[in-house]
Amino acid sequence: HAFSHITGGGLVENIVRVVPAGLGIEIDAGAWALPPLFDWIAREGPVTPQEMWRTFNCGVGFVVICADASVAEVSRHLQLAGLANWAMGRVIRCAGGERVHIG
């Protein structure tokens, strides 16, 4: 349904740009292992978890939003192309306020 390139603005600002109003994103922060660099930045900064999500990509370079029924097929195609991937969240209904929830 949509693609989002995760650059400046990190996960919090970039994903919602491709999601219609009234919808948001729920991200499972445990769905992937953060590269060690991000642990170091958070610790040495010190940088709060909220700021890490907002400022950095936290190891995510690109997000593909697809129907639940297509996740396995999309993952298979990405693997065939040599791209690491994982299911990291879902689209949710969201009435105003923060549209990205990371937990």
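Rings of Phe, Tyr and Trp (for Trp, the six-membered ring) form a pair if their centres lie within 6.5 Å; planes under 30 degrees apart count as stacked, over 60 as edge-to-face and the rest as tilted. The model on display is predicted: local features need pLDDT of at least 70, side-chain atom pairs count only at pLDDT 80 or more, and totals for chains, interfaces and linings use all residues. Residues are numbered from 1 along each chain as its sequence is written, and side-chain values use heavy atoms, with hydrogens and water left out.

Four aromatic pairs are counted by the ring rule. Select W32 and W86: their ring centres are 5.8 Å apart and their planes stand at 20°, so this pair is stacked. W32 belongs to the loop between β2 (23-27) and α2 (36-44), and W86 to the loop between α4 (71-80) and β4 (89-93), so the pair ties together parts 54 residues apart in sequence. Here helices (H or I, at least four residues) and strands (E, at least two) are DSSP runs, numbered from the N terminus.

Is W32 buried or exposed? W32 has 9% relative accessibility and therefore counts as buried, whereas W86, at 32%, counts as partly exposed. Buried means under 20% relative accessible area, exposed over 50%, and partly exposed in between (1.4 Å probe, protein chains only).

Now turn to the strands. An open sheet of three strands has the order β4-β2-β5, with mixed pairing; two strands pair if DSSP finds at least two bridges between them. The edge strands, β4 and β5 (100-102), each pair on one side only. Five bridges join β2 to β4, and these two run antiparallel. Finally, select I25 and its bridge partner in β4, V91.
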